[in-house]
There are 2 protein chains.
Amino acid sequence: MSEAIDYNKLLTKGEFELRLRNIGETRYHNLHPFHKLLHGGKLNKGQVQAWALNRYYYQCSIPIKDSVVMSRMKDPELRRIWRKRIIDHDGESEDTGGIERWYKLTDGLGLDREYVKSTDGILSTTRFAVDAYVNFVKEKSLLESITSSLTELFAPGIHKERISGMLENYDFINDDIMAYFKKRLSQAPDDAKYVLDYALEHAKTRQEQEDVCNALTFKTQVLWSMLDALHFSYHDPGIIPPGAFKPKE
Amino acid sequence: MSEAIDYNKLLTKGEFELRLRNIGETRYHNLHPFHKLLHGGKLNKGQVQAWALNRYYYQCSIPIKDSVVMSRMKDPELRRIWRKRIIDHDGESEDTGGIERWYKLTDGLGLDREYVKSTDGILSTTRFAVDAYVNFVKEKSLLESITSSLTELFAPGIHKERISGMLENYDFINDDIMAYFKKRLSQAPDDAKYVLDYALEHAKTRQEQEDVCNALTFKTQVLWSMLDALHFSYHDPGIIPPGAFKPKE
């Protein structure tokens, strides 16, 4: 698939950043046909419910993933910076934070909150992909664990497209329901900038540079796999696995 | 999805076995449309290659999974019995064993053996599902780790159907290529009988009986998820993720 790598040849910071941006441009899930359908108003309410229900498992696992990452940091300064991510998702109190804002979405779509929380109806592929992400940050180096978040570099574009596309194209979507994504527009860029700078600074050998590229690629695969499963189960051909959520419409 | 469970009410061995067999009858991957296509001669050679290539990652991970299970057994007698599974897959020498027989299949299908071994071209969903299985036996109780193999109860049926269906329907399949499955016809039933007896004997509370049911359900989800991904990527709608195997035909 790829040509042989010369591990003696360190990439310049410019070359390294270009490699990372190229991975995003060729593998980030904004390219997935399911997102084009979602943002373009081509799905019905039941299909949007399936997406929000499955994506909830990702959302509620992110602070768990970040707790694992933080548990591997020996430097208090680094943990203080990383802690922001957990606060962003868990909030300072019960009714703030990203997970709470995700419930605004699932509530607005008419899904029962206890059913969403149970994760009983999610696709197994969603569970396996998200769990793979949590296991990745347990098993890989701290550099790889941190830089698997580099997908955030590409998030603002997809969030902007999602907010405007979904507001315009679905009569069951309104401003309040989209609160999660609007908040992320201001949160994600700072996080992404920090991780990119960290990668450029801390990958000091070609092997480490390649490890970072692979960590980002891995993370794009997690996101892509989740959409493959949604597309297959709820759109085309639309074969729902035994036990998974069945939309009413 | 399911009604409330009375954890004070132990199932009789007969009821418990019926529950397990019912999980197989409603969730085992012989029911997946991709297998109906595979066995019915409805796939082309490239699609059969994609199936064998992806399934290889499952095959080569099974002895790793079984080594984890064995590492958790305190009883030498139990380890001696379980060891047979590793021997079945790894062989007594280089050119015997189930993994070697799997290469007969991928060789016969015209896949480069080094490419198969690298697992570079497999679907991410395959990797996440199989890795979830290995992690399951690391993290769950020994009872659950052992009984997640209960899918073997249902394997002889699918293997017989596969052997006759594939020999009859594809001109690129012959007896030698199907050696893996023919061998499994004699290996799997003994293993399955042992694990069923183990489950009936060692699940002594209703909670443990439910745990065994969930372990079997989990394993059916691993197998099902792999076929969802193959079906989506190589058949309908046939959208291959970035970086995955692209058949020549």
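In chain B, the loop that joins α8 (142–147) to α9 (155–169) contains Ser148(B). The model examined here is a predicted one. Ser148(B) has a relative accessibility of 0% and therefore counts as buried. Beyond its neighbours within four places in sequence, Ser148(B) is in contact with Tyr133(B), Phe136(B), Val137(B), Ala215(B) and Lys219(B).

Among the buried residues are Phe128(A), Tyr133(A) and Phe136(A), along with Ser124(A), Thr125(A) and Asn135(A). The cover comes from both chains: it includes α3 (45–71), α8 (142–147) and α11 (206–234) of chain A, as well as α7 (124–139) and α11 (206–234) of chain B.

The contact between the two chains takes 28 residues from chain A and 28 residues from chain B. About 2200 Å² is buried between them, and carbon and sulfur atoms give 65% of this area. On the chain A side, Phe128(A), Phe232(A) and Pro242(A) lose the most area to chain B, together accounting for 29% of what that side buries. Across this interface, the search finds 0 salt bridges.

In chain B, helix α5 (residues 98–108) has 8 of its 11 residues buried, so it is largely enclosed by the rest of the structure. The buried set consists of Gly98(B), Ile99(B), Glu100(B), Arg101(B), Trp102(B), Tyr103(B), Leu105(B) and Thr106(B). These residues pack against α3 (45–71), α4 (76–90), α6 (113–118) and α10 (179–202) of chain B. Just after the helix, Gly110(B) adopts a positive phi of about 85°.

The largest nonpolar core holds 160 residues, and Trp51(A) and Trp51(B) touch the most other members. With neighbours within four places in sequence set aside, the contacts of Trp51(A) include Phe34(A), Leu38(A), Trp102(A), Met166(A), Phe181(A) and Leu230(A), and also the side of the list formed by His35(A) and Arg162(A). As for cysteines, the count over all chains comes to 0 disulfides. Cys213(A) is buried at a relative accessible area of 1%, and Cys60(B) is buried at 18%.

Over all chains, 29 salt bridges are found. One of them pairs Asp191(A) with Lys84(A), whose closest N and O atoms are 3.0 Å apart. Asp191(A) lies in helix α10 and Lys84(A) in helix α4 of chain A, so the pair ties together parts that are 107 residues apart in sequence. Asp191(A) is buried, with a relative accessible area of 7%, whereas Lys84(A) is partly exposed at 30%. In chain B, Asp191(B) and Lys84(B) form a salt bridge with closest N and O atoms 3.0 Å apart. This pair links helix α10 with helix α4 of chain B, 107 residues apart.

Another salt bridge joins Glu210(B) to Arg19(B), with closest N and O atoms 3.1 Å apart. Here Glu210(B) belongs to helix α11 and Arg19(B) to helix α1 (residues 13–27) of chain B, so parts 191 residues apart in sequence are tied together. Glu210(B) is buried at 4% relative accessible area, while Arg19(B) is partly exposed at 31%. Finally, Glu100(A), Lys104(A), Asp107(A) and Arg113(A) are linked in a network of salt bridges.

Notes: Residues are numbered from 1 along each chain as its sequence is written. Chains are lettered from A and ligands numbered from 1 in the order in which they are written. This is a predicted model: local features need pLDDT of at least 70, side-chain atom pairs count only at pLDDT 80 or more; totals for chains, interfaces and linings use all residues. Side-chain values use heavy atoms; hydrogens and water are left out. A disulfide is a pair of cysteine sulfur atoms within 2.5 Å. Buried means under 20% relative accessible area, exposed over 50%, partly exposed in between (1.4 Å probe, protein chains only). Helices (H or I, at least four residues) and strands (E, at least two) are DSSP runs, numbered from the N terminus. Contact means heavy atoms within 4.5 Å. A nonpolar core is a set of buried Ala, Val, Leu, Ile, Met, Phe, Trp, Tyr and Cys residues joined through side-chain atoms within 4.5 Å. Buried area is the accessible area (1.4 Å probe) that two parts lose on being put together, summed over both. A salt bridge is a side-chain nitrogen of Lys or Arg within 4 Å of a carboxyl oxygen of Asp or Glu.
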